[in-house]
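Dear colleague,

Here is the structure for your files. My notes on it follow below.

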Amino acid sequence: MRSLAGDPSRRSLAVATAVLAGLAAVFFATVRPTNFGGSDEWLCLSLLSRGTLDFPYANRPLNLVWNLPAWLLLPDRLVGFLAFHAAWIGLAGLVVFLIVRRLLPGAAPLALLAGALTVFWAPTDGTRLCPVHMTVYSGCTFGTLLATWLLLEAWLRRNLALAALALGAAAVAALSTEAALAPLPLVPRVLLAAGGWREPTICRSTAPRA
């Protein structure tokens, strides 16, 4: 088995994980967990305290599924939402890195830049600094990207188990927020960009027959 130091792919993944986790930590280090953006954060806390994931009148059966880990880890504490909001955004950046690296082999620096932009780039989105409200959307974004990456890997590896995981991640994301369905028309383009299924090349001898 090759060591991490001798495997460029694993090494780039380790570097990307450290860099993107650091960026997310730095970005949210000064954000207050009590930042509210006008949404009904207290209703969210009340629903989670009763184990309810369906937000009233929203027709989103798993709307609060991305908030649930924060509540389970630190019940009645807002800091858990900030931690998971930052985690979902950091993980979204990592999945973008994996997608770009898969689509453009050998372009790890570009993939890392794409992941970093995913973590940082929201200059006009002030609500991104409101953890309780935005954990729903940062989590859903991560879930959608995760489904995309799993489907891409399933397509290239011809792996039904990964395809099932992709479907599961996509279903959870769509049932949490319907906006997760928006990228659906782009899925065929992603698969085509990856090159699609490639049949094994059959090597035939060109030497003349006797």
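**Notes on the model**

Asp54 is partly exposed, with a relative accessible area of 38% (buried is under 20%, exposed over 50% and partly exposed in between, with a 1.4 Å probe and protein chains only). This is a predicted model, in which local features need pLDDT of at least 70 and side-chain atom pairs count only at pLDDT 80 or more, while totals for chains, interfaces and linings use all residues. Residues are numbered from 1 along each chain as its sequence is written, and side-chain values use heavy atoms, with hydrogens and water left out.

Asp54 sits in the loop between α2 (41-49) and α3 (68-73). Not counting residues up to four places away in sequence, Asp54 touches Leu47, Arg60 and Pro61 (contact means heavy atoms within 4.5 Å). Its C-alpha atom is separated by 8.6 Å from that of Val65, 11 residues apart along the chain.

Overall, the protein has eight helices and zero strands (DSSP runs numbered from the N terminus: H or I of at least four residues for helices, E of at least two for strands). The pattern along the sequence is α-α-α-α-α-α-α-α. Of the 210 residues, 36% are buried. Among contacts with a separation of 6 or more, 67% are between residues 24 or more positions apart.

The axes of α4 (residues 79-103) and α5 (residues 108-120) come within 8 Å and cross at roughly 150° (axes are lines fitted to C-alpha atoms, for helices over the stretch in contact, and angles run from 0 to 180 degrees between N-to-C directions). The two helices, α4 and α5, are therefore roughly antiparallel to each other (the term applies to angles over 145 degrees). Residues making the contact include Ile89, Val96 and Phe97 of α4 and Leu110, Leu112 and Val119 of α5. By class, this contact has 11 nonpolar, four polar and one charged residues (Ala, Val, Leu, Ile, Met, Phe, Trp, Tyr, Cys and Pro count as nonpolar, Asp, Glu, Lys and Arg as charged, and the others, Gly among them, as polar).

Helix α6 (residues 131-157) has 27 residues and spans 37 Å from its first C-alpha to its last, close to the 39 Å expected (1.5 Å times one less than the number of residues). Glu153 lies in α6 and is buried, with a relative accessible area of 6%. Leaving aside neighbours within four places in sequence, Glu153 is in contact with Arg102, Arg158 and Leu162.

Regards

Definitions and conventions:
Angles under 35 degrees count as roughly parallel, over 145 as roughly antiparallel, 65 to 115 as roughly perpendicular and the rest as oblique.
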